[in-house]
Amino acid sequence: MNSQQHFFSILFFFKELIPVIIVQVFISMFLCINCLLITTFFMKDIFYTTMRYILFAIALLSDSLFLLITNVLLILSYFSFTIQVWLCVIIYIVLSVYTFVTPVTLTAMTLERYVAICIPLRHAELCRTQRALHFILIIHGLSSVPCIVILSIFFASAIPSFYTQSRICAVEMFIFHRWQGHLRSAISQLFFLIMSITIVFSYVQIMKVAKAASGENKKSTWKGLSTVVLHGFQLLLCLIQLWCPFIEAAVLQIDFMLFINVRYFNYITFILAPRCLSPLIYGLRDEMFVNALKYYALCGLYKKHSTACSFIRF
């Protein structure tokens with residue numbers, strides 16, 4: 001009887017482990033794709049000297065770091081591992097900043113397409129490579145605002161001994177009062193509003209140009225318009241993620257197992273999925289990038305067939 005109970009307990013453990021294993025498979029696959037895309041970006045000078053590809057690389061690096069950290073936290077929370085609060089603060093700073101870096105970068109990419117299509121004569125001036133560092137600093141500066149606000153209140157409220165306590169690392173530990181949660185929600189919604197207005201404005205303006213364009217320009221403009229639509233969908237998924245903690249907090253009051261299922265669904269739909277759309281939108285839809293990707297992937301795997309690589313031109 002004891003051996004039978006032991007068998008069923010092991011079976012139950014592996015059954016509970018299946019969702020985590022599925023997440024690991026997806027994350028490993030997406031990280032491999034992102035690494036290949038990032039390597040391709042650095043292998044050809046036209047990519048790291050063109051603003052839209054630079055922004056694409058920022059999004060890829062941000063997504064990769066975000067996936068790594070959230071995956072570690074998922075494993076720690078699943079197995080109820082605790083860490084000291086001071087270490088969780090450091091993790092939270094990085095995670096909080098890069099939660100917003102991707103949507104802010106997507107907005108910047110949309111504005112870059114707007115400038116390229118609607119005011120092409122100023123595109124070379126506004127989006128020149130020399131300004132790349134400025135754009136990177138602005139993106140990270142804007143993305144740091146929510147983190148600075150939340151942590152400033154946390155540091156003012158927490159007692160020194162709190163930092164040496166061991167807890168499961170979660171964002172809820174930084175919120176001592178209900179109004180802090182409301183403030184966090186208000187900041188997220190403000191970001192959502194500004195980014196949504198930017199996306200809609202860019203879409204409308206590019207739509208006007210698309211209707212007036214003709215021939216090859218029309219094809220290029222409509223492609224830019226479809227890119228903006230995909231950015232809008234990706235941005236929507238990213239920003240819904242900002243509302244997930246409040247949905248999960250409400251569900252937790254109802255049923256714990258429902259809370260676990262909802263959190264798992266949110267993680268797959270609103271954290272993993274948006275981060276996997278970047279390779280599709282730029283890495284696989286951009287002809288030049290796809291050709292470069294095929295070239296370096298094939299030549300890297302089959303070095304002996306160097307003659308085959310010489311036939312690939314882009």
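1. The model is predicted, so local features need pLDDT of at least 70, side-chain atom pairs count only at pLDDT 80 or more, and totals for chains, interfaces and linings use all residues. Residues are numbered from 1 along each chain as its sequence is written, and side-chain values use heavy atoms, with hydrogens and water left out.

2. The structure has one disulfide, a term for a pair of cysteine sulfur atoms within 2.5 Å. Cys88 and Cys169 form this bond, with their sulfur atoms 2.0 Å apart. The torsion about the S-S bond is about 85°, so the disulfide is right-handed. Cys88 lies in helix α3 (residues 85–118) and Cys169 in the loop between β2 (166–167) and α6 (178–212), so the pair ties together parts that are 81 residues apart in sequence. Helices (H or I, at least four residues) and strands (E, at least two) are DSSP runs, numbered from the N terminus.

3. Both Cys88 and Cys169 are buried. Buried means under 20% relative accessible area, exposed over 50%, and partly exposed in between (1.4 Å probe, protein chains only). Cys32 is in no disulfide, and the nearest cysteine sulfur, that of Cys35, is 6.5 Å away. Cys32 is exposed, because its relative accessible area is 55%. Cys118 counts as partly exposed, at 22% relative accessibility.

4. Helix α2 (residues 51–78) has 28 residues and should span 40 Å at 1.5 Å a residue; its end C-alpha atoms are 40 Å apart, which agrees. The expected span is 1.5 Å times one less than the number of residues. Ser80, which follows α2, has a positive phi near 60°.

5. Ile33 is located in helix α1 (residues 2–43). Ile33 counts as partly exposed, because its relative accessibility is 37%.
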